[in-house]
Amino acid sequence: MNMFALAAIAVFVAMILILVRLFAGPTLYDRVLALNLFGTHTVLFIGILGFLNERPDFLDIALLYALINFVGTIAVLKFFRYRAIGDSGHDRAQEGAEQ
Amino acid sequence: MPRPGTSDHDPIADGDTKGRGTIETFIDLVLFTMLVVVALAIVRLRSLFAVVMLAGVFSLLSALLLVTLDAVDVAFTEAAVGAGISTVLLLGTLALTTRFERPSSHSPWLPLFVVVVTGAALVYGTLDMPNFGAADAPAQTHVWPDYVARVPHEIGVPNIVTAILASYRGYDTMGETAVVFTAGIGVLLLISGLGRRRREDEDDDREGEA
């Protein structure tokens with residue numbers, strides 16, 4: 001068994017631990033963080049899979065997943081903060097100050 | 001003695017069988033197990049926020065399975081749509097409703113029966129499909145050799161997929177691009193315009209009550 005197979009197994013163990021945190025997670029932020037971490041481990045796993053199949057050009061796809069994961073997490077967190085996605089959020093914050 | 005016509009296909013078949021070793025089977029098994037566990041958790045959990053996050057994980061796992069099948073473009077679409085935009089859209093829906101699911105009042109047996117029958121029909125439909133990466137599958141023998149033979153002297157683009165999408169199916173691709181462009185503009189208008197209008201309505205209501 002080569003090192004990349006061992007790395008794949010290690011990533012799987014980490015994924016299962018993240019899933020446990022996602023099921024149990026008491027607060028919202030535990031779950032957001034768990035989703036973000038799961039995306040990161042997806043990126044790692046795609047990289048490992050590329051080396052396992054001796055086609056390391058999969059690394060480009062892993063990079064794309066990293067970008068999607070980042071933008072997705074920002075969108076979810078922005079949604080928590082402002083309750084909207086497209087707005088600047090400026091007038092919403094002002095409205096909150098008035099109340 | 002191998003026939004001359006089959007010698008071209010041998011490297012592809014060898015590459016496919018070498019890639020599907022025990023570690024590949026193990027990876028597929030673990031990914032499918034996690035997929036089933038996540039799906040069961042989505043059914044069982046009552047906290048809707050956790051369900052939305054689990055739907056994102058489900059989509060990432062499906063994307064990983066598609067990557068192991070070498071369908072990286074489909075996998076990327078699945079990740080971008082499933083884990084990216086639908087998570088945000090589901091959260092937007094969640095902001096309009098409550099955070100917890102009410103226990104359902106009707107019996108679960110009829111929906112379960114419908115789902116099991118549909119699943120059995122789908123599995124039955126896969127029984128006569130060719131094996132994954134089989135060299136005698138229709139995808140490898142039907143139009144593929146024709147395109148490989150025609151593209152270099154008809155189009156002259158090195159990438160055969162690009163030649164098919166941009167030349168043989170050029171009008172189709174143009175129509176798809178127009179549809180995606182229209183949908184994008186529609187979504188942008190919805191996201192940027194509706195929230196502000198609703199807020200103004202709320203302000204009007206509040207002034208009316210005062």
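Two residues are in contact when heavy atoms lie within 4.5 Å. With that in mind, select B:Met53: leaving out residues up to four places away in sequence, B:Met53 touches A:Leu22, A:Arg31, A:Val32, A:Leu35, A:Val76, B:Thr87 and B:Leu91.

Before going on, a word on the model. This is a predicted model, in which local features need pLDDT of at least 70 and side-chain atom pairs count only at pLDDT 80 or more, while totals for chains, interfaces and linings use all residues. Residues are numbered from 1 along each chain as its sequence is written, chains are lettered from A and ligands numbered from 1 in the order in which they are written, and side-chain values use heavy atoms, with hydrogens and water left out.

**Stop 1**

Buried means under 20% relative accessible area, exposed over 50%, and partly exposed in between (1.4 Å probe, protein chains only).

Next, colour the helices (DSSP runs of H or I, at least four residues, numbered from the N terminus).

**Stop 2: a helix pair in chain A**

Select residues 3-24 (α1) and 28-52 (α2) of chain A: their axes come within 9 Å and cross at roughly 165°. The axes are lines fitted to C-alpha atoms over the stretch in contact, with angles from 0 to 180 degrees between N-to-C directions. Angles over 145 degrees count as roughly antiparallel, and α1(A) and α2(A) are therefore roughly antiparallel to each other.

**Stop 3: chain B**

Of its 210 residues, 21% are buried.

Now click on B:Asp70, in the loop between α3 and α4 of chain B. B:Asp70 has a positive phi of about 70° although it is not a glycine. Most residues other than glycine have a negative phi. The relative accessible area of B:Asp70 is 39%, so B:Asp70 is partly exposed.

Finish at B:Val81 in helix α4 of chain B, partly exposed at 44% relative accessibility. Draw a distance from its C-alpha atom to that of B:Arg169, 88 residues apart along the chain: the separation is 25 Å.

Notes: Helices (H or I, at least four residues) and strands (E, at least two) are DSSP runs, numbered from the N terminus. Angles under 35 degrees count as roughly parallel, over 145 as roughly antiparallel, 65 to 115 as roughly perpendicular and the rest as oblique.
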